[in-house]
Amino acid sequence: MTTNLVVVGAGMASGRALEHLFEAAPGQFNVTLFGAEPRGNYNRIMLSPVLAGEKTFDEIITHDADWYAEHGVNCRFGETVTAIDRERKVVTSVKGETPYDKLLIATGSAPFIIPIAGKDLPGVMAFRDLDDVNRMTTAAAKPNARAVVIGGGLLGLEAAAALRMRGMEVVVLHLMGHLMERQLDPAAGYLLQRELESRGIKVHCKAQTKAILGEDKVDAVLLDDGTVYDADIVVMAVGIRPETRIATDAGLQIERGILVDDQMRTSDPDILAIGECVEHQGAVYGLVAPLYKMAEVAAQTLTGATAAFRPVQTATQLKVTGVSVYSAGDFAEGDDREEIVLRDASAGVYKRLVLQENRIIGAVMYGETADGPWFFDMLRQGTDIADMRDTLVFGQAYQGGSPLDPMAAVAALPDEAEICGCNGICKSKITGAIAEKGLTSLDEVRAHTKASASCGTCTGLVEQLLSLSLGDEYNPAAVQPMCPCTDLGHDEVRRLIVAKQLKSVPAVMQELEWTTSCGCAKCRPALNYYLVATWPGEYVDDNQSRFINERVHANIQKDGTYSVVPRMFGGITTPNELRAIADVADKFAIPTVKVTGGQRIDLLGVKKHDLPAVWADLNAAGMVSGAAYAKGLRTVKTCVGSDWCRFGTQDSTGLGIRIEKFMWGAWTPAKVKMAVSGCPRNCAEATCKDVGVICVDSGYDIVFAGAAGLDIKGTQALCHANSEDETIEIIAALVQLYLEQGRYLERIYKWTDRVGIDSIKAAIVDDLAKRRHYYERFVYSQEFAQVDPWEERVNGKDAHEFAAMAELNMVAAE
C-alpha cells in the first residue's frame, strides 16, 4: 500500500526531505509537490553568485525534471496551495483539490518589508528567489544604474556585492552601528566595511530609513537625518518571517512559526512541517544546516523510523567573492568570559575567540577563516582547550608547537565535524559515501553527497578526505577527465600529444578516441592551447576553438559592446599615445575611458564593427594589443624606481618594460600578471602577482604564485638574482615551465600547489642547465607569438568577425 504524500513548498528543505525519503523507502510514497515558483528545487544559497554573474541558474539547480520523473513526483510548479481541509484531508489550489494521507509543509519564509512610505513603488524588491534576481539583473543592465540596499546583514551584503559586480552604484543602509552585528563584533564589522568600500560600495551605518521617494517608480531613499540617496531600485534585506498563513488558516498551532515537536509533527499528527516556516522549542532557523537536519528527521518520521530533531548550533560564512568571514557561537562580552585576539593589520586578518571556563563559546574571524570548522567543532563539543591555550588562535596546524601536516589535521577531525556548510555535510557522510559507493573523484563526491557543490569553499577539505580515504589510489589528475568527451585527464592528454606527435585538434580527437565528433566547449579551447604550447611554429592556432574575447581580441561587455586596452609597457605612456587614445575616443564616440589597475587605459563601449578601425588608429600611434582578454601575459606593473623615488634601489620601471617587451604575446594556461617594485615598500604590489620582482640593494628577489582575485594569496619566494639579465632568464624559464605543465585555466598559484614548489625550484633554481633549456624554449616560441593580433585584423584577417550585420545580410542576399 502506497502513501499519498502532498508536499507544499518546493525549496531546499523539502527537496532534501524527498531525497532521504526516496533513499529510505523507494516506491512507498506517491508524491505531489506544489511550488509557488514556476520551477523546481534549486540552491537558494547560490543566488548571490547568479546575481553577480559568476554562475548561471542551470548550475544551481538541485533537482531537474529528470530527477522528479525518475522518482515519480507529480510536479505542480507555479501552483499555490490556498487552503488545507484537515478533516477531509485535502489541499486546495487554483486547479482544484488534491487528497493526502500525509502532508508536509515547507513554505519557507517571507521577506520583511519595512512599513514606510513608498514601499510599494515599482523598483522596490526583496532578494529571495530567482524572480528577484532577474528583476535586479534587468535593472543593472541599464547604464549608470543605482541601487540602495536596506540591510547590512548576510543577504543584503551579498546582494550589494553582486550588484556592484554588475556595474551598479550601490549604497548599503544599515540601522545598527556595524555590519552583520548578529554575526560579527565591531572589529570584524569595521574590516568588512572597509573591504566593501574599497570595492566602491558606499556603507551608511546607523541609518534610519524614513521613506522611499518617487511618483511612478523609485527615485531615491530618504533617511531620518535628511540624507537622500538616489536610486533606480531599492532592495529590502532587513529580515525574514516564517511563512505561516496557510497553516494559520488551517487551524494549526502557530507562534512565531508553525509549532513542531521533535519528530517535526505539527499539532495535527498527519501534518509535518520543516524549514524556515517552523518553530521548534522556541527557536526558528534560517541557515541551511538545521533545515537539512529537519528534513532528515521528517523523512524518518514519515517512514516510521525513530528520529528526533535537536537544537542546532550554526556557523555563518559570508558568500561574497574574495571576502572571508566566519562566525559561530556567542561573542558578546561578559565578566565571566575571556578572549584571545589575533590581528595582522598588513594582511587584513582578525581572529577573536571567546572563552568561558577554558571552553570556546564564540569565534569571529575575518580574512583567514580556514580554521573556522575546527573552532566550531570544539565549540559544539565543549572541548577543554587549556593545554593548547597559548597556540589556540593560530589554528589547528600549530597545535603541539610546530606546523601540523594538513592531512593529519583533517584526519584528526571527528566524524561529526561539518565539512560543507552550504549543504550541512559532515565528515562521516563524505568518508562513508567514498567507502560504500566506491567514489574516486571530487565530481563523484559532489554528485553523491553535494559536498563542495555549492560555493566551493570546502573543496580542499573534500579532496583531502578523498586522499585520506583512498591513499595512493587517489590521483586527481588521473581520475578527473578533461570533459565528458574523454576519460583522459589534462596531464595525460598533454603527454600523449607529445608522445604521439599529434599536431591538430582532429588528430588528438581521433588518436585519443574522443567520444564526440568535434569536442565541446571545455575541451576544444584546452586542446587548442596545448597544441599552441607544444608545437610553436608548426601548429596553426584554431581561432574558432577560442572563446569570444580571444577570438575577437577584445573583451565583450554586458551590453554587447567591447573594451579595448592598448599595451603600455611597464605602465609608461607618452603624450603621443595619449593624444591618439583621446582622438580615438572622440572619433568613435567611445563613452568611457578608464584607467585600469594594471596601469593602462581602457576604452569601453566600442562597437564590434568599429574594432578594426579603432585598432588601426592605435597601431598608427605605435600601440599594440594589451591582451586584456587573453590567457597570456596581461601586464607588468611597475613603480617609478630609482629614476625618481628616493627609496628606489633599482630601475624597476626599466626592468618592467624589458620583461613586458620580451614576454608579450605568449599564450599561457591562464592569465599572467606581473609586477616589479623598486624597493621592499612594494608600491607595485608585486607580492600578490603571478610573478613579482622586489628590487633590493643587492639585486632582485623573485617571487611567484600570488593571487588577488577570487582567491587571495601572498606570493612565495623563488630565488634571488644578481642582474636584470639573470632576472629575465629566471622569469622566462619559470613561465615556460608553467606553460608546459599547467592545465588549461589553471592559474600559476594553483599549478604551484599541485606540482609543489620544490619541483619548480629544482627545475628553475637548482639546475642551471634545465633553467637554460626552458629559457631557450621560451625564446624560440616568442618568435611566433609576438605578432600583434590587432594589426593582423586591420589588414583583413578574420574580417567576417567584424562585419556589421547589415553587410552580412547583403552578402547573404547576393
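Is Arg352 buried or exposed? In this predicted model, Arg352 has a relative accessibility of 5% and therefore counts as buried, the cut-off being under 20%. Its partner in a salt bridge is Asp185, and the closest N and O atoms of the two residues are 3.0 Å apart.

Side chains of opposite charge can pair when their charged atoms come close. Across the whole structure, a search finds 52 salt bridges. One of these joins Glu550 to Arg546, with 2.7 Å between the closest N and O atoms. Glu550 is buried, at 2% relative accessibility, and Arg546 is buried as well, at 8%.

A further salt bridge is formed by the side chains of Glu685 and Lys637, at 2.9 Å from N to O. This pair links distant parts of the chain, 48 residues apart: Glu685 is found in the loop between β33 (672-677) and β34 (691-696), and Lys637 in strand β32 (residues 633-638). The two residues fall into separate accessibility classes: Glu685 is partly exposed, at 39% relative accessibility, while Lys637 is buried, at 12%. Salt bridges also occur as a network, which links Glu37, Arg39, Arg44 and Asp131.

In soluble globular proteins, nonpolar side chains tend to be buried together. The largest nonpolar core in the model consists of 86 residues. Leu163, Leu192, Ile233, Phe375, Leu392 and Ile430 are the residues with the most contacts inside this core. Strand β25 (residues 359-366) supplies the largest share of the core, namely 6 residues. Because domain 1 (3-109 + 242-302) and domain 2 (124-238) both give residues to the core, it lies between them.

The surroundings of Phe375 were examined with its neighbours within four places in sequence left aside. On that basis, Phe375 is in contact with Leu353, Ile360, Ala363, Met365, Leu392, Val393 and Gly395. Among these contacts, Leu392 is itself listed with the residues that have the most contacts inside the largest core. Another core, of 50 residues, lies apart from the largest one. Its members include Val564, Ala585, Leu611 and Ala627.

How values were computed: Residues are numbered from 1 along each chain as its sequence is written. This is a predicted model: local features need pLDDT of at least 70, side-chain atom pairs count only at pLDDT 80 or more; totals for chains, interfaces and linings use all residues. Side-chain values use heavy atoms; hydrogens and water are left out. A salt bridge is a side-chain nitrogen of Lys or Arg within 4 Å of a carboxyl oxygen of Asp or Glu. Buried means under 20% relative accessible area, exposed over 50%, partly exposed in between (1.4 Å probe, protein chains only). Helices (H or I, at least four residues) and strands (E, at least two) are DSSP runs, numbered from the N terminus. A nonpolar core is a set of buried Ala, Val, Leu, Ile, Met, Phe, Trp, Tyr and Cys residues joined through side-chain atoms within 4.5 Å. Domain bounds come from an automatic or database domain assignment. Contact means heavy atoms within 4.5 Å.
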